[in-house]
Amino acid sequence: MSVSHYTRKLLIFHRFPIRCLCSRVQESGNGDTTQGNKQRHNWIGPPHKISNLREVKYHIPENESTAEKTYRLLREENAKFNHQFWLAHNVAFIKAKEEFIANKEKESGAPLPDEDGTKHILTADEMARFYRQFLNDHQEKLKVYNREWYMRNIKMLWPALKANVYKKLYRR
């Protein structure tokens with residue numbers, strides 16, 4: 001990685017920081033600290049171990065309008081839908097991959113360790129055949145998901161426009 005590329009990545013991270021899902025420690029006027037949950041921005045958590053999607057805790061302003069609330073709830077619902085789909089899809093993928101590897105090991109006999117002690121690993125061509133077969137088997141599910149994903153995002157356009165116009169006009 002070149003220095004300029006590394007510097008560019010740092011600048012992007014600095015410009016768009018990710019806030020962790022955690023409670024913030026706030027200091028009251030008399031000097032003692034209290035745990036608070038007064039977030040002013042959306043908080044983005046670490047990727048889920050199976051779905052690989054990051055949980056987002058959306059900021060709820062004190063004077064949230066109905067348009068903003070509708071848009072926020074739609075976003076939360078969409079994130080939940082995405083998480084549930086990718087969780088189920090990735091669980092099926094992991095299970096199918098483990099079965100494929102186990103079947104290949106049975107066909108070739110017990111997995112023999114290589115010279116350095118590591119287990120025999122399937123070739124890239126064998127895994128490519130598995131990936132192709134898995135995608136072909138789940139093609140219809142992915143098409144249905146893509147259609148649903150597009151419809152959900154199109155449905156969010158009008159509430160997003162209303163919420164952002166309200167925010168620009170009434171919050172200065």
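Which residue just after α2 takes a positive phi? G109 does, at about 95°.

**Figure 1. Overview of the predicted protein chain.** This is a predicted model, in which local features need pLDDT of at least 70, side-chain atom pairs count only at pLDDT 80 or more, and totals for chains, interfaces and linings use all residues. Residues are numbered from 1 along each chain as its sequence is written, and side-chain values use heavy atoms, with hydrogens and water left out. The protein chain has five helices and four strands. Helices (H or I, at least four residues) and strands (E, at least two) are DSSP runs, numbered from the N terminus. Their order from the N terminus on is α-β-β-β-β-α-α-α-α. Of the 172 residues, 19% are buried. Buried means under 20% relative accessible area, exposed over 50%, and partly exposed in between (1.4 Å probe, protein chains only). Among contacts with a separation of 6 or more, 52% come from residues 24 or more positions apart. A contact means heavy atoms within 4.5 Å.

Figure 2. Helix α2 has 43 residues. From first C-alpha to last, α2 reaches 63 Å, close to the 63 Å expected at 1.5 Å a residue. The expected span is 1.5 Å times one less than the number of residues. Buried residues of α2 include Y71, F81, F85 and F100.

**Figure 3. T66 in helix α2.** T66 is found in α2. It counts as exposed because its relative accessibility is 67%. T66 and K162 lie 96 residues apart in sequence, yet their C-alpha atoms are 9.7 Å apart in space.

**Figure 4. Helix α4 and its buried face.** Helix α4 has 17 residues and reaches 24 Å from its first C-alpha to its last, close to the 24 Å expected at 1.5 Å a residue. L142, Y145 and R152 are buried in α4. Seen down the axis of α4, its buried residues fall within an arc of 90°, so they line one face of the helix. The arc is that of the directions from the helix axis to the C-beta atoms. On the other side of α4, Y150, I154 and K155 are exposed. Helices α2 (66-108) and α3 (124-137) are among the elements that cover the buried residues of α4.

**Figure 5. Packing of α2 against α4.** The axes of α2 and α4 come within 11 Å and cross at roughly 170°. The two helices are therefore roughly antiparallel to each other. Axes are lines fitted to C-alpha atoms, for helices over the stretch in contact, and angles run from 0 to 180 degrees between N-to-C directions. Angles under 35 degrees count as roughly parallel, over 145 as roughly antiparallel, 65 to 115 as roughly perpendicular and the rest as oblique. Residues in the contact include L74, F81, F85 and W86 of α2, and L142, Y145, W149 and R152 of α4. The contact residues divide into seven nonpolar, four polar and five charged. Ala, Val, Leu, Ile, Met, Phe, Trp, Tyr, Cys and Pro count as nonpolar, Asp, Glu, Lys and Arg as charged, and the others, Gly among them, as polar.

**Figure 6. Contact of α4 with α5.** The axes of α4 (residues 139-155) and α5 (residues 157-170) come within 4 Å and cross at roughly 30°. That makes α4 roughly parallel to α5. N153, I154 and K155 of α4 meet L157, W158 and P159 of α5. Four of the contact residues are nonpolar, one is polar and one is charged.
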